[in-house]
Amino acid sequence: MPCQEATLRHVLPRKGREVHRRTLLTATAATAAACATGAAGAAERAGEVVGAGRPDRARLRALISRMTLEEKVGQLFVMRVYGHSATAPDPVDVEANRKEMGVANAAELVEAYHVGGIIYFAWAHNTREPHQIADLSNGIQRAGLAQPTPLPLLITTDQEHGIVARVGAPATLFPGAMALGAGGSTEDVRTAARIAGAELAAMGIRQDYAPVADVNVNPANPVIGVRSFGADPQAVARLVAAQVRGYQRSGVAATAKHFPGHGDTTVDSHVGLPLITHSRAEWERLDAPPFRAAIAAGIDAIMTAHLLFPALDPVDDPATLSRPILTGVLRGELGFDGVVVTDSLGMAGVREKYGDARVPVLALKAGADQLLNPPDLPTAWRGVHQAVRDGELSEARLDASILRILELKARRGLFADPYTSDRAVDRTVGVPAHLRAADRIAGRTTTLVADDAGLLPLSPRRHRSLLVVGVDPAAPSGTGGPPTAVLARALTELGFTAEALSTGTGSRPDPSPERIAAAVARARGRDAVLVATYNVGPSSGQRTLVAALTATGVPVVHLALRNPYDIAQVTGYGLAASLATYSWTDVELRAAARVLAGRVRPRGRLPVAVPRADDPSRLLYPIGHGLSY
């Protein structure tokens, strides 16, 4: 073991979770004193790149000049890794790591490939609970500082809230973007992001792949939908800017996605290559405003989209690989000089035309800085390394991206103190004040779309016996749910007698004839029925369920658990009322229960237009529609 690495491992804590504001300068100064070698001197200088979290470009450039080509290539990659621990993951995760990357754990991944960042996923077993997440983060940072050129890692995740959340309870979970769009409050959006960012930072996660800056103008969009703040570009821009400021105030890098705009597509870029047919003028009017607002708010990073946008680049390559889009439009026209990160390189939208060794090279040539989660890291890493050796990519080109990445790390305090602690987790994550804030904010998002029968609010005196029936999608974060049970429990706590009956799942939302018959039987004799739908289409069996329930003569209240567009598919069935919750997470269902019971007035307004089911060219409900009482 080199003297520098051995001494750093002696100085930096192995099991403790914090360094009590010990900076890298302190650690590397100790290394210099112990080793008095050129390598130790390089480590000492690596700790001197910041003062009070502000990057010093000259020192960062000096640090980059001392990095090997292998270290430079690695710094460009943000990679997944399996396991709850940086050094001792479960055997199944060791096997997965060895199969995909040839290493056993996160520490070996950092040592072997010098990766600049790690992305956490629940399915990779990274996010079991807050203290474990903090331990994993600290273990990864120890591995980063044990490298020949000690560097902290940028640990990131997709914590959009709503339907995309990698970290679950007991962390605080907020309404998602479209719910916040329905609330329309920049202060609520900023507050939610500030709290969410503080909790992520307490767990050692210093970058969030949020906000979604896409303007969802297409009701058929299969991948964005309620992840967007809405369909009004100016409203989305305001809320994007507020979320950026909230996250970055908490020391977490925000990342606007998916440039140049993923809001008008019928293809999911995870499984295909979408085509955006907007003209250049339409892009300026519809897609660009949120990204301009994010840049004006000082956003740290912008994520690319794997889609074709001929009005911006007629070449048949996705935006992630387009120099006219990334360098010409994003950097040149919009003036963005922060970090450009690709969307996952494992997605089909970027892999259809080129091999896994070429895609990262082409992304760098287009203007990307960070290469996110390639499906085959050894192949991708070697592809970039060979491109530099062959002269296709210059080392100066790598240096430019690495400077941006290191500046981001410095700006977010990672050079000053990359660690977290049990105390930080206990004082920050899921504390009562944060949970109360989430409930308050959620209470301002539920949208009462229709109340034709004047039934709402429900009263425990007049509507004591309730049936809650419908689809039970799995909880996005893996914690909470199922939705029908959560809603029934919340209503029971508010004085009703509510029973839950599940008729389907997120993957199989259409009920069987037997489940419909059971729901009808349970509905008879009730004072009211609440039916929850999920992604209703023209031929969906959920419409049959709604029709059968209304035929009982019992008042039926409809809740659109995800897309508010569901309401158009069940209009005309004699529903007493319809509400939109924009997600099926516990916090949003509790808010809906309070609205149903009249404990809070419905304040949400549709952030998207709902077209008629029989004639999509005509509106059923416009943007801004919403009732109250």
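This is a predicted model: local features need pLDDT of at least 70, side-chain atom pairs count only at pLDDT 80 or more; totals for chains, interfaces and linings use all residues.
**Entry 1: H20 and H24**

Pro-483, Val-486, Leu-487, Ala-490 and Leu-491 of H20 meet Asp-586, Leu-589, Arg-590, Ala-593 and Leu-596 of H24. I noted that an α-helix has 3.6 residues a turn, so residues three or four places apart point the same way. I then looked up the axes: those of helix H20 (residues 483–493) and H24 come within 9 Å and cross at roughly 40 degrees. That angle makes H20 oblique to H24, because oblique covers what is left after under 35 degrees (roughly parallel), 65 to 115 (roughly perpendicular) and over 145 (roughly antiparallel). I recorded the crossing of H20 and H24 as right-handed.

**Entry 2: H19 and H24**

Next I took helix H19 (residues 432–442), which packs with helix H24 (residues 586–596) at an angle of about 55 degrees. I have their axes as 8 Å apart. By that angle H19 is oblique to H24. On the H19 side I listed Ala-438, Asp-439 and Ala-442 as making the contact. On the H24 side I listed Val-587, Arg-590, Ala-591 and Arg-594. The crossing of H19 and H24 is right-handed.

I looked at the loop between strand S18 (577–580) and H24, where Tyr-582 lies. Is Tyr-582 buried or exposed? Its relative accessibility is 2%, so I put Tyr-582 down as buried. Its phi is positive, about 70 degrees, although Tyr-582 is not a glycine. I noted for comparison that most residues other than glycine have a negative phi.

**Entry 3: Asn-535**

I found another positive phi at Asn-535, near 55 degrees, again in a residue other than glycine. Asn-535 sits in the loop between strand S16 (528–533) and helix H22 (541–550). With a relative accessible area of 34%, Asn-535 is partly exposed.

**Entry 4: Gln-569**

I looked up Gln-569, which is in helix H23 (residues 566–570). Its relative accessible area is 12%, so Gln-569 is buried, the limit for that word being under 20%. Which residues does Gln-569 touch, not counting those up to four places away in sequence? I listed Val-536, Gly-537, Pro-538, Arg-543 and Ala-613.

I checked the length of helix H16 (residues 377–389). At 1.5 Å a residue its 13 residues should span 18 Å, and its end C-alpha atoms are 18 Å apart, so the two agree. The calculation takes one less than the number of residues. I listed buried residues in H16, among them Leu-377, Trp-381, His-385 and Val-388. Just after H16, Gly-391 has a positive phi of about 90 degrees.

I then looked at helix H15 (residues 359–366), whose axis comes within 8 Å of that of H16 and crosses it at roughly 55 degrees. H15 and H16 are therefore oblique to each other. Pro-360, Val-361 and Leu-364 make the contact from H15, and Ala-380, Gly-383, Val-384 and Ala-387 from H16.

**Entry 5: Aromatic rings**

I counted 6 aromatic pairs. Phe-259 and Trp-283 have ring centres 6.3 Å apart and planes at 90 degrees, so I called the pair edge-to-face. Phe-259 is in strand S9 (residues 253–259) and Trp-283 is in helix H12 (residues 280–296), 24 residues apart. Phe-259 is buried at 0% relative accessibility, and Trp-283 is buried with a relative accessible area of 0%. Phe-259 also pairs edge-to-face with Phe-291, at 5.1 Å centre to centre and 90 degrees between the planes. Phe-291 lies in H12, so this pair ties S9 to H12 across 32 residues of sequence. Both Phe-259 and Phe-291 are buried. Elsewhere I noted one aromatic cluster formed by Tyr-82, Phe-121 and Trp-123.

**Entry 6: Cis peptide bonds**

A cis peptide bond joins Phe-259 to Pro-260, with omega about 10 degrees. Pro-260 is in the loop between S9 and H12. I found a cis bond between Ala-210 and Pro-211 as well, with omega about 10 degrees. Pro-211 is in the loop between strand S8 (207–208) and helix H11 (233–249). I noted that most peptide bonds are trans.

Conventions
Residues are numbered from 1 along each chain as its sequence is written. Side-chain values use heavy atoms; hydrogens and water are left out. Rings of Phe, Tyr and Trp (its six-membered ring) pair if their centres lie within 6.5 Å; planes under 30 degrees apart count as stacked, over 60 as edge-to-face and the rest as tilted. Helices (H or I, at least four residues) and strands (E, at least two) are DSSP runs, numbered from the N terminus. Buried means under 20% relative accessible area, exposed over 50%, partly exposed in between (1.4 Å probe, protein chains only). Contact means heavy atoms within 4.5 Å. Axes are lines fitted to C-alpha atoms, for helices over the stretch in contact, and angles run from 0 to 180 degrees between N-to-C directions. A crossing is left-handed if the near helix is turned anticlockwise from the far one by less than a right angle, and right-handed if clockwise.
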